[in-house]
Amino acid sequence: MLSPGIPQNTDVLLLDAYSEAVAGAVEAIQPSVVHVVLTPDGLLVTNSHVVSGAGHVEISLPDGARREASIVGDDPGTDLAILKIDAPALRAAPLGDSSKLRPGQLAIAVGSPLGFTSTVTAGIVSATGRSMRSISGRLIDHVIQTDAALNPGNSGGPLVNSRGEVIGVNTAVIAAAQGLAFAIEVDLLKRIVGELIRDGRIRRSHLGVGGQTAPIHRSVVRHYGLPAPTGVMVRAVEEGSPAQQAGLREGDVIVDLDGVPVVNVDDLHRLLTAERTGAATPLRALRRTELLELSVVPRESPGR
């Protein structure tokens, strides 16, 4: 309701609608902001980097009470972690659909930046489908960019839409920039949460190599009809690893795995899923100017 003394022009009406949307979304999500409450029986979502190396985790509830939390699952590769506290009747946060996000949509962040609890900031979704490097070195492909002001202490808190639905888990800011903040898309959380709860981690496979993206000479690319002018040069091979058993050597350049081009290290990471563990997989690599056809059997990556 507008005050009688305020002109009821379009700008005022729009501002009032914006304020109502933000306030309503905050009221809807605030009881679920411990980090993000997944279930009423006390499963919470936060960032892996928030709990990394912690011997003791304590959670402040919306009513001010404190509870000790245990780490149920932790995946540095996506910077997500699941906690459990003994606090019945928590309000679970409604999860939105990040696949439907469009740049320009309202984005609201709730958290405790720099220790200031229950802080609300609002902005827009600046972009979707961004990529950023996780603390494990893996690339996270499902990232929302927003200009909602985030600071240390917002990590692990929710980014919500105008309906109070969680669309992302706030994760990072660029310290030297303004208006650049990032959140892990909620759809990525939905895909991995079951495995995190069941196994405590996300299972992936590995070859046992250290590598770096390297150029391939144009004449070699043309001769073999390679899809890209770069591949992954093997810089180190672990003793007894799948790579060593397949015959890979230092200096070889991996160009595809199971018929899928490997243009850089991130491509190789994406291809080494849990499903490849124990499965003989064709791999092509260049050894100087010779194209090798190998078969490698990836193993499950060791836990963190």
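1. Ground rules. Residues are numbered from 1 along each chain as its sequence is written, and side-chain values use heavy atoms, without hydrogens and water. In this predicted model, local features need pLDDT of at least 70 and side-chain atom pairs count only at pLDDT 80 or more, while totals for chains, interfaces and linings use all residues.

2. Overall build. The protein has six helices and 19 strands. Both are DSSP runs, numbered from the N terminus: helices are H or I with at least four residues, strands are E with at least two. The C-alpha atoms fill a box of roughly 80 × 45 × 30 Å along the principal axes.

3. Of the 304 residues, 44% are buried. Buried means under 20% relative accessible area, exposed over 50%, and partly exposed in between (1.4 Å probe, protein chains only). Contact means heavy atoms within 4.5 Å. Among contacts with a separation of 6 or more, 61% join residues 24 or more positions apart.

4. Strand β2. β2 (residues 43-46) pairs with β5 (residues 80-85) in the antiparallel sense, over four bridges. Two strands pair if DSSP finds at least two bridges between them. Leu 44 stands opposite Leu 83 in β5.

5. The cores. A nonpolar core is a set of buried Ala, Val, Leu, Ile, Met, Phe, Trp, Tyr and Cys residues joined through side-chain atoms within 4.5 Å. The largest one has 29 residues; Val 45, Leu 80 and Ile 108 are among those with the most contacts inside it. Elements that give two or more residues to this core include α1 (10-29), β2, β5 and α3 (186-199). Its largest share, six residues, comes from α3. Another core lies apart from it, with 17 residues, among them Leu 207 and Leu 294.

6. Ile 108. Beyond its neighbours within four places in sequence, Ile 108 is in contact with residues including Ala 21, Val 120, Pro 158 and Asn 161.

7. Asp 258. This residue is in the loop between β15 (253-257) and β16 (260-261). Asp 258 counts as partly exposed because its relative accessible area is 38%. Asp 258 touches Arg 276, Thr 281 and Pro 282, not counting residues up to four places away in sequence. Asp 258 and Thr 281 are 23 residues apart in sequence, yet 5.7 Å apart in space, C-alpha to C-alpha.
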